[in-house]
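Good morning, and thank you for coming.

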Amino acid sequence: MTDTILHALPHGITLHCHTSGERGRPVLVFLHGFPEGAFIWDGMLEHFARPENGGYRCVAPFLRGFAPSSSPQAAESYRAKHLVQDLVALVEAECGPASGGGRLAALVAHDWGGAVAWNFANQRPDLLERLVIVNSPHPGTFLRELQRSPEQQQASEYMHFLCRPDAEAMLAADGYRRLFGFFGRPDGTAPDWLTPELRGRYRATWDEGLTGPCNYYRASPLRPPREGGAHAEAVALPDAMLSIARPTLVVWGLDDPALRPGLLDGLDRWVPDLRLREVPGASHWLVHEQPALVAREIGDFLQRPVTIK
């Protein structure tokens, strides 16, 4: 079973977290994406808290903007620096201050959670030993593909829809038809993993508001170019903002309609200690589709020795 705790962070944000495992054990933090919540990781929390799977302290927050965590209304509040600040404070609350050696055994992240994780790993490598990414593009390859790849530009066009001022109302219309449609198979049918119980958990989160989730897109300059705004074309990111100095596992469903496989090309330029696991036939929702595979890949990666310099 998972527990729920509140972390009131020093800078005024409160994160509601699902947890499993005893305090004092090595810590794993799991970050969800859009349009999800901490509950997508419940099975992983329980799995890795068991002694036979490492006996970790496992923590999955609802990211800022996703109820019931704090949800600032201003889009600027969802810039990367604020999201990283939340994660730094959460890690220190769970692991102790960095000055005392507090750090995560691993940070595991999907989708928008992965965007936060890539930035965190670049800026605060002292606070983690390993990084695990599930279908979330590295900012360097994402910027490149948004600037150069018509396939990725088309696949990311939905981002402009989510930035519309009426996006919340359109997403909520007709019982969240569009949001549930994000999970659909290519033929438009609902996947088997989207059970009535899971639908209810999604609805409960969305019922509390969609402005925070949409603000992730409004705050980001990484959007495909379109007439009237350069977006990604106007962005330049130096290598110093992109390099990852920790061992990294990337698990990627190759049939992700929104994040095309070209995003994996050249990833080792910025992530030299990289283990890449490509999963044919899997979509963006790999954590739901193949949880046993994801848990196995993470478990194998956690057993790898790490030397912190």
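**Helix packing, cavities and backbone**

What we have is a predicted model, in which local features need pLDDT of at least 70 and side-chain atom pairs count only at pLDDT 80 or more, while totals for chains, interfaces and linings use all residues. Residues are numbered from 1 along each chain as its sequence is written, and side-chain values use heavy atoms, with hydrogens and water left out.

A word on terms: helices (H or I, at least four residues) and strands (E, at least two) are DSSP runs, numbered from the N terminus. Axes are lines fitted to C-alpha atoms, for helices over the stretch in contact, and angles run from 0 to 180 degrees between N-to-C directions. Angles under 35 degrees count as roughly parallel, over 145 as roughly antiparallel, 65 to 115 as roughly perpendicular and the rest as oblique.

On the helix 2 side, Ala80, Leu83, Val84, Leu87, Val88 and Val91 meet Val116, Asn119, Phe120 and Gln123 of helix 3 (contact means heavy atoms within 4.5 Å). By class, this contact of helix 2 with helix 3 has eight nonpolar, two polar and no charged residues. Here Ala, Val, Leu, Ile, Met, Phe, Trp, Tyr, Cys and Pro count as nonpolar, Asp, Glu, Lys and Arg as charged, and the others, Gly among them, as polar.

On a 1 Å grid over the protein atoms alone, a cavity is a set of points where a 1.4 Å probe fits but cannot get out, and a pocket is an open set with protein on both sides within 12 Å along at least five of seven lines; lining residues have an atom within 4 Å of a point. Grid points are joined across faces, edges and corners, and a volume is the space filled by probe spheres set on the points.

The structure holds three cavities of 30 Å³ or more, and the largest cavity contains about 80 Å³ of space. Which element gives the most to the lining of the largest cavity? Helix 2 (residues 80–95) does, with four residues. Leu83, Leu87 and Val116 are among the lining residues of the largest cavity, and Leu83 and Leu87 of helix 2 also take part in the contact with helix 3, as does Val116 from helix 3. The lining of the largest cavity divides into nine nonpolar, no polar and two charged residues; Arg64 and Asp86 are included in that lining.

I turn now to helix 1. Helix 1 (residues 42–49) packs against helix 11 (residues 291–302) at an angle of about 40°, with their axes 11 Å apart. That makes helix 1 oblique to helix 11. Met44, His47 and Phe48 of helix 1 meet Pro291, Val294, Ala295, Ile298, Gly299 and Leu302 of helix 11. This contact of helix 1 with helix 11 has seven nonpolar, two polar and no charged residues.

The volume of the second largest pocket is about 260 Å³, and its lining divides into seven nonpolar, two polar and three charged residues.

Finally, the backbone. A cis peptide bond joins Phe34 and Pro35, with omega about -5°; Pro35 is placed in the loop between strand 3 (27–31) and helix 1. The peptide bond from Ala67 to Pro68 is also cis, with omega near 10°, and Pro68 is found in the loop between strand 4 (57–61) and helix 2. Asp174, placed in helix 7, has phi near 55°, a positive value in a residue other than glycine.
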